[in-house]
Structures are given as structure tokens and as C-alpha cells.
Amino acid sequence: MTSLTLGLTLLLIAFVLLFISGRQRRAAGLPGGRVVYTDTRTWGAVEKPLFDANLGLTGKPDYLVEQNGRLIPVEVKTGRTPEAPYDSHIFQVAVYCLLVQKTSGKRPPHGIIHYPNRDFAVDYTPELESALLDLLAKIRRDEQRASVERSHEDAQRCRRCGFRNACDQKLA
Ligand code: SF4
């Protein structure tokens, strides 16, 4: 897979993750994240992206923390600290958990999302992994299509969307 294809895959993943609704996640019984204290002094920067050829997936968490012989991915977010992690952030950290598992051979028990005022641990449950794998399969199907229909009627979401300028389906 070329770096361009990898880049596009990542872009597409980020794009589709934005469309995952909280209702869908909660209906599947997926974790919403729990507040944790983390010691940033133990965080190690990640030098190169994690890559799994079978999944055609690459990604680079902001940090990796070693805990009891396992690597925990950490994603740092700026901006407003939410009451609970955003769904797109949960799936993003799940991608990193999957990549850590594939590259280190050890399954992380959870990933961490670090917001300015609060940290959340997101348990990497079999349900979350399964939802993620379903999502990746859907992305691959959509990759074969010339265009993908907008999946929501939320103008606010379009206002915050990084793809807004290039999108011919934006609502705002
Ligand atoms: S602008 Fe709206 S419709 Fe277009 S990609 Fe973004 S969220 Fe989707």
C-alpha cells in the first residue's frame, strides 16, 4: 500500500468516525469512557506510526504508556473538555488499541483520551473491537463507491467539519 493510499485510508477513517452516532454506540453497549488520573511524566512520545498490513491500517497515537508490561495509547485533544468523550474520539483510540495489539502482540486493556481538564480511560472491550472492525469493513466498502451519501441532518456537525470546504453535501 502506498503512503498516499495509507494517508487516504486514514483520512477516510477520520471522516467516517465523525459519523458514528452516540445512539449507535450506546445501543451496542460500548464503553463511554471513565475519568482517570494519569501521570504525564510516564508518557513516551511515539516516534513512528503503527502499521498493520493485513488491515491496511496505520495510525500514530500521541503517546504510549507502559503499564504492567502492556502499552496503553494516549490521544491528546485540545479545545473544550466534554462531560464524556466524543464518539469519534472513542473510535480513534480504539484504532490505536487495535494497532498496538497487532504490532506488540499484547492487547491494551484500555486507551486514554486526554482533554485539557480531564482524562478518560476507554476500555478496549471485545464489543468495541467488534464495532470498530465492522466500521473498517464499511469504510472499505465505501472506498469502492464514487460518492458517499451524507448520513445525518445535523447542520451543526457540518459547521464544525474539517471537510466542509470540499463537501458538496454540507448543510451549512
Ligand atoms: S460538511 Fe457535513 S456532510 Fe460534508 S462531510 Fe462534513 S459533516 Fe459530512
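## A walk from E129

Start by selecting E129: at 18% relative accessibility, this residue counts as buried. Here, buried means under 20% relative accessible area, exposed means over 50%, and partly exposed is in between, using a 1.4 Å probe and the protein chains only. Before moving on, know that this is a predicted model, where local features need pLDDT of at least 70 and side-chain atom pairs count only at pLDDT 80 or more, while totals for chains, interfaces and linings use all residues. Residues are numbered from 1 along each chain as its sequence is written, and side-chain values use heavy atoms, leaving out hydrogens and water.

**Stop one: the partner of E129**

E129 sits in helix α4 (residues 126-143) and R107 in the loop between α3 (87-104) and β7 (110-114), so the pair ties together parts that are 22 residues apart in sequence. A salt bridge here is a side-chain nitrogen of Lys or Arg within 4 Å of a carboxyl oxygen of Asp or Glu. Helices (H or I, at least four residues) and strands (E, at least two) are DSSP runs, numbered from the N terminus. R107 is partly exposed, with a relative accessible area of 25%.

**Stop two: along helix α4**

Select α4 next. This helix has 18 residues and reaches 26 Å from its first C-alpha to its last, close to the 26 Å expected at 1.5 Å a residue; the expected span is 1.5 Å times one less than the number of residues. Colour L128, E129, A131, L132, L135, L136, I139 and D142, which are buried. They cover an arc of only 160° around the axis, which puts them on the same side of α4; the arc is that of the directions from the helix axis to the C-beta atoms.

**Stop three: I113 and its surroundings**

Move to I113, in strand β7. I113 is buried, at 0% relative accessibility. What does I113 contact, leaving aside its neighbours within four places in sequence? The list includes E75, K77, H89, V93 and F120, where contact means heavy atoms within 4.5 Å. Follow one of them: K77 is 36 residues away from I113 in sequence and 7.2 Å away in space, C-alpha to C-alpha.

Stay with K77 and show E75 beside it. The two side chains meet in a salt bridge of 3.1 Å, N to O. K77 is buried at 15% relative accessibility, and E75 is buried at 6%.

**Stop four: R150 and E153**

The model has three salt bridges in total. To see another, select R150 and E153, whose closest N and O atoms are 3.3 Å apart. R150 is partly exposed at 29% relative accessibility, whereas E153 is exposed at 69%.

**Last stop: the whole protein**

Zoom out to see five helices and eight strands. Along the sequence they follow the pattern α-α-β-β-β-β-β-β-α-β-β-α-α. Buried residues make up 40% of the 172 residues. Among contacts with a separation of 6 or more, 60% join residues 24 or more positions apart.
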